[in-house]
Amino acid sequence: MNAAEGRIRLTALGGYLGSGKTTWLRHQLHEGRLRGAHVIVNEAAETPVDDALLGQSSTLSVLAGGCVCCAARQDLIDLLRRISDERSKVEGGAARLEKIVLETSGLADPGPIVEAIRSDPVLVYHVVVSEVIVAVDALHSLSQLRGEPLGRRQIEVADRLIVTKVDQVAQGPLQTLLATLSCLNPGAGLSGAVRGVDSPLPDFSGAEPERLPETDQLSPKAPVTPVRLHLDDSIDWTAFTVWLSALLHARGDDIVRVKGVVRTPTGRLLLQTVRKVVQTPEILPEQGDMREDNMIVVIGRGYKAEHLRRSLQYFARRSY
């Protein structure tokens, strides 16, 4: 059986934390390239953020609180079974769902996800994994590949690699990254993107790839975990900004990602950082749902949740 025989085509979109998956997906939705697709967003944190950015999807489901490659794998299988069951009930000339896009958590390994879908005795008749796309952060991927085995596994399983933020990297390091990606996965397609928009890549035919250490030679690291921090409505935003800047300056190598939707005097803002890079805040429209704003998620390792809360309380003089 193949996709032409009636199964739903599923695209798995992966990539390490902060690689630009959601930005790329938003642009595809804006351009109408995924019209009619059911989008599934998976976030390791209990408080999802990325779903607030994908309002242009016709149908959206959120799986939060665990990665679908492990802790939330059964939740994904159950959701796909429900979607398949609902689709089988469509009668007459009504349009049937033809495509699913699964945006995985930045901590997810796409390999086990694909295997779980392909080996499920029910889904094998309803869903076919048609493509695995992995976003690669041009700014940070080389350092991640040197020390994060997960980043390599994500790249090695991809059918297509989208190198993001290519406008923020000099040509030499970008060529080295491209040569390294080509060595890790020579069969994958390579393309570039800037804020979700296709962007040309430089020729890297003469570039030397990075010599990466063997994964079994890497020193064990503490797991990357998410911590939720609630921001009181009366928070001093100047103090919060100072706190976040100080945190990233001191612990930027441990704080992999910060993201959240916060309410400020200027409106609802999307707050995002990757390592020590703070992205320009984006004003978001008011939502009709009752999603949890004023909650930021700090994702990293080497610290305790109570330490983050205590330091925020010290700077902002509030209780969290």
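The structure is a predicted model. Its mean pLDDT is 86. Of its residues, 90% reach a pLDDT of 70 or more. Strand S6, residues 160–164, has the highest mean pLDDT, at 98. Strand S13, residues 282–284, has the lowest, at 78.

The largest pocket holds about 870 Å³ of space. Its lining comprises 46 residues. Nearest the centre of this pocket lie Gly20, Thr23, Arg195, Gln272 and Gln279. Several elements supply at least two lining residues each. They are helix H1 (21–30) and the strands S2 (38–43), S7 (189–194), S10 (255–264), S11 (267–274) and S12 (277–278). Helix H1 gives the largest share of the lining, with seven residues. By residue class, the lining of the largest pocket contains 20 polar, 15 nonpolar and 11 charged residues.

The second largest pocket has a volume of about 360 Å³. It is lined by 22 residues. Leu107, Leu150, Pro223, Val224 and Arg301 are the closest of these to the pocket centre. Two or more lining residues come from helix H5 (149–156), and likewise from strand S9 (225–230). The largest share of this lining, three residues, belongs to H5. In the second largest pocket the lining divides into 13 nonpolar, five charged and four polar residues.

Phe240 and Trp243 are both buried.

The count of salt bridges comes to 11. Among them is the pair of Asp120 and Arg81, with an N to O distance of 2.9 Å. This pair links distant parts of the chain, its members being 39 residues apart. Asp120 sits in the loop between helix H3 (110–119) and strand S5 (127–137). Arg81 lies in helix H2, residues 73–88. Arg81 has a relative accessible area of 32% and is partly exposed.

Another salt bridge joins the side chains of Lys89 and Asp85, at 3.3 Å from N to O. Lys89 counts as exposed because its relative accessibility is 55%. Asp85, at a relative accessible area of 38%, is partly exposed.

A further salt bridge forms between Asp254 and Arg251. The closest N and O atoms of Asp254 and Arg251 are 3.0 Å apart. Asp254 has 24% relative accessibility, so it counts as partly exposed. Arg251 is also partly exposed, at 28% relative accessibility.

Note on methods: Residues are numbered from 1 along each chain as its sequence is written. This is a predicted model: local features need pLDDT of at least 70, side-chain atom pairs count only at pLDDT 80 or more; totals for chains, interfaces and linings use all residues. Side-chain values use heavy atoms; hydrogens and water are left out. On a 1 Å grid over the protein atoms alone, a cavity is a set of points where a 1.4 Å probe fits but cannot get out, and a pocket is an open set with protein on both sides within 12 Å along at least five of seven lines; lining residues have an atom within 4 Å of a point. Grid points are joined across faces, edges and corners, and a volume is the space filled by probe spheres set on the points. Helices (H or I, at least four residues) and strands (E, at least two) are DSSP runs, numbered from the N terminus. Ala, Val, Leu, Ile, Met, Phe, Trp, Tyr, Cys and Pro count as nonpolar, Asp, Glu, Lys and Arg as charged, and the others, Gly among them, as polar. pLDDT is the predictor's confidence in each residue, from 0 to 100. Buried means under 20% relative accessible area, exposed over 50%, partly exposed in between (1.4 Å probe, protein chains only). A salt bridge is a side-chain nitrogen of Lys or Arg within 4 Å of a carboxyl oxygen of Asp or Glu.
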